[in-house]
Amino acid sequence: MRYFKYNLVFLLFINLLIIQPTCAEEFEVHITRGKIEAFPIAIPSMFGDQHAQEITEIIKADLHRSGIFRLLDPRAFIQTPESLKTAPRFSDWRLINAKALVTGHVTPDVGGQYRISYQLFDVYLDRETDRFEKVFTLAELRKVAHTISDRIYERIIGISGFFNTRIAYVAESGHPKNRQKRLALMDQDGFNQEFLTKAETGMVVSPRFCPTRPEITYMAYRNNQARIYVMDLKTRQERPLGSFANMTFAPRYSLDGNKLIMSYAENNGDSDIYIMDLKTRQNKRLTANAAINTSPSLSPDGSKVVFNSDRGGSQQLYVMNADGSDQKRISFDGVKYATPVWSPLGDLIAFTKVFNGQYHIGVMRPDGSNERILTKGDYMVEGPEWAPNGRLLTYYRQSRRDRQGKAQVNLYTIHVSGEHEQWLRTTTDASDPSWSPLIR
Amino acid sequence: MRLKHLCLLSLVIMVAACADKKAPVQQANVDQPQYEPYVEDGHNVQPGSIEDFRVNVGDRVFFGYNHQDLTPAARETLERQAGWLKQYADVKVIIEGHCDERGTREYNLALGERRAHASKHYLISLGIPASRIQTLSFGKDKPENPASNEEAWSQNRRAVTIITEGAH
């Protein structure tokens, strides 16, 4: 159910990229290379003390980062805060071309708690379309703000938001010859950063969130072995994933959280893809050839796997059925492709592509058609991972290292249209981001 | 003696011809290659020590971009390593495989593993028991030279044999 009137371009954009990716192909170039028709929204400061202001700023920053909202300049607002307290005067907001208006009150409640009430209005239909009230402690302030951002996003865009989410990543520090790599976790906007492993325990790479449980899988170096581990985020305890004679790496959960797909180094030095049923602990080998087969990712329905292989002589992307049958190459252009990741919506596969000596992040349909490059590295750019709603990607960039080995290693997000790339602030150098599911 | 050398030579050529990981594991039943320790000026290295291995034998071999094939120079180094490891039979090693930074992390982990295995299998073919050799890939995450240039990359594409047991 939608209340908002979209203009034609916005509707086309939604239609093309979100709802019906198979129709209206002739508009693709126009839409993807053109600007997103961002949704104009007015968010005056909520009423109340500095916490009201803080919540307003968090919501504004969230919606801005999504890439599909245009925040109207408060200096253009006509209706005064005093009169807004009573009721919105919709004609005033239509005059400045706002399509939606967000208002809120934050008041002190019992026991040092606060109460927030928020309302979302459709300015053109002159009506309230969402409201929400909650008592919260100050420790929950950011979470409450993100919850409101998610409600606004869902009500207007029609799909789940991604603001009440976290990002796991690898925090890097120290000289590159002896790099310390710790598993780290933060909110999707860079707040509440914490380290989950200690540097002296050993390097951690490629963390991936479980889509259904508070759990992360990753590869780590422990006791001169490189193996996949699983960490329970409630207890912060890690345990090895099964018992393997050789290296296990490149782990990733299925969307239902019941399976884990990964690479295993065979005795001859090649790597093959295995899938583990996490309930029965049974493994099944899916590839068997004299090649590297890695970076597997299951389709959201669990029926297919996209992966990276050099079986044809160069690194390319392949798709197979989840039982290993019908292995087909889907990438043909470019020097090499890597790190394919299936969108949680099923419509696209994101990847890293190298050509002309440069690194790129792109997306293609699962049959390899309609490739679009979203962004290019100044030097390296690698490892796209989807937001749970399939509309944003996060990845990392690394600049060229100087003779002392110094470089910037940073996380970014970008809208799937290729617009609105944003730096994600971290306290250390950061790589290998992975997005959590939406926390309700 | 001459015959033995001929045998050894033919084995080396055979292994060289099929080059790498795909070579079937061959147990060499011949004498080890000659290993003659030398002592650098003013450098007093204890024979059989970790430093002896590193300085007089050579602990690492290098690879071409995106390759895991052993070069003739790499084979020579590994033949010296095999000779030394036969002489000091209590020694156990771990071979670390590494890549340059130009490549994605997971693919490089697999490539580093291939390189470590290329060294391991050649040592096995020269008569070193597999039980004495472990492998570990670091992909692109432990460069020897951290710069982003050709010189650094060529130093980083390597397999390093590290003594873990049986020598000091």
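In what order do the four strands of the open sheet that contains β13 of chain A lie? The order is β13-β14-β15-β16, and the pairing is antiparallel. This description rests on a predicted model.

## The sheet β13 to β16 of chain A

At the edges of this sheet stand β13 (248-253) and β16 (283-285) of chain A; each has a single partner strand, so one side of each is left without a neighbour in the sheet. Direction ignored, neighbouring strands are turned against each other by 25° on average. Between β13(A) and strand β14 (residues 259-265) of chain A, which run antiparallel, there are four bridges. In this pairing Thr248(A) has Tyr264(A) of β14(A) standing opposite.

Chain B also meets this sheet. Helix α4 (residues 105-125) of chain B packs on the sheet and touches β13, β14 and β15 (271-277) of chain A. The direction of the helix makes about 155° with that of β13(A).

## The sheet β25 to β28 of chain A

Chain A has an open sheet of four strands in the order β25-β26-β27-β28, again with antiparallel pairing. Its edge strands, β25 (380-386) and β28 (422-424) of chain A, each pair on one side only. From one strand to the next, the twist averages 30°. Strand β26 (residues 392-398) and strand β27 (residues 409-415) of chain A run antiparallel and are joined by seven bridges. Leu392(A) is placed opposite His415(A) in β27(A).

| β13(A) and β14(A) | 248-253 and 259-265 | four bridges |

## The interface of chain A and chain B

How much area do chain A and chain B bury between them? The value is about 3300 Å², with 51% of it on carbon and sulfur atoms. Of the area that chain A buries against chain B, 16% is supplied by Lys177(A), Asn224(A) and Ile292(A), more than by any other three residues. In terms of contacts, 50 residues of chain A meet 35 residues of chain B.

Eight salt bridges are found across this interface. A salt bridge joins the side chains of Asp141(B) and Lys181(A), with an N to O distance of 2.9 Å. The side of chain A that touches chain B comprises, by class, 18 nonpolar, 18 polar and 14 charged residues.

Definitions and conventions:
Residues are numbered from 1 along each chain as its sequence is written. Chains are lettered from A and ligands numbered from 1 in the order in which they are written. This is a predicted model: local features need pLDDT of at least 70, side-chain atom pairs count only at pLDDT 80 or more; totals for chains, interfaces and linings use all residues. Side-chain values use heavy atoms; hydrogens and water are left out. Contact means heavy atoms within 4.5 Å. Buried area is the accessible area (1.4 Å probe) that two parts lose on being put together, summed over both. A salt bridge is a side-chain nitrogen of Lys or Arg within 4 Å of a carboxyl oxygen of Asp or Glu. Ala, Val, Leu, Ile, Met, Phe, Trp, Tyr, Cys and Pro count as nonpolar, Asp, Glu, Lys and Arg as charged, and the others, Gly among them, as polar. Two strands pair if DSSP finds at least two bridges between them. Helices (H or I, at least four residues) and strands (E, at least two) are DSSP runs, numbered from the N terminus. Axes are lines fitted to C-alpha atoms, for helices over the stretch in contact, and angles run from 0 to 180 degrees between N-to-C directions.
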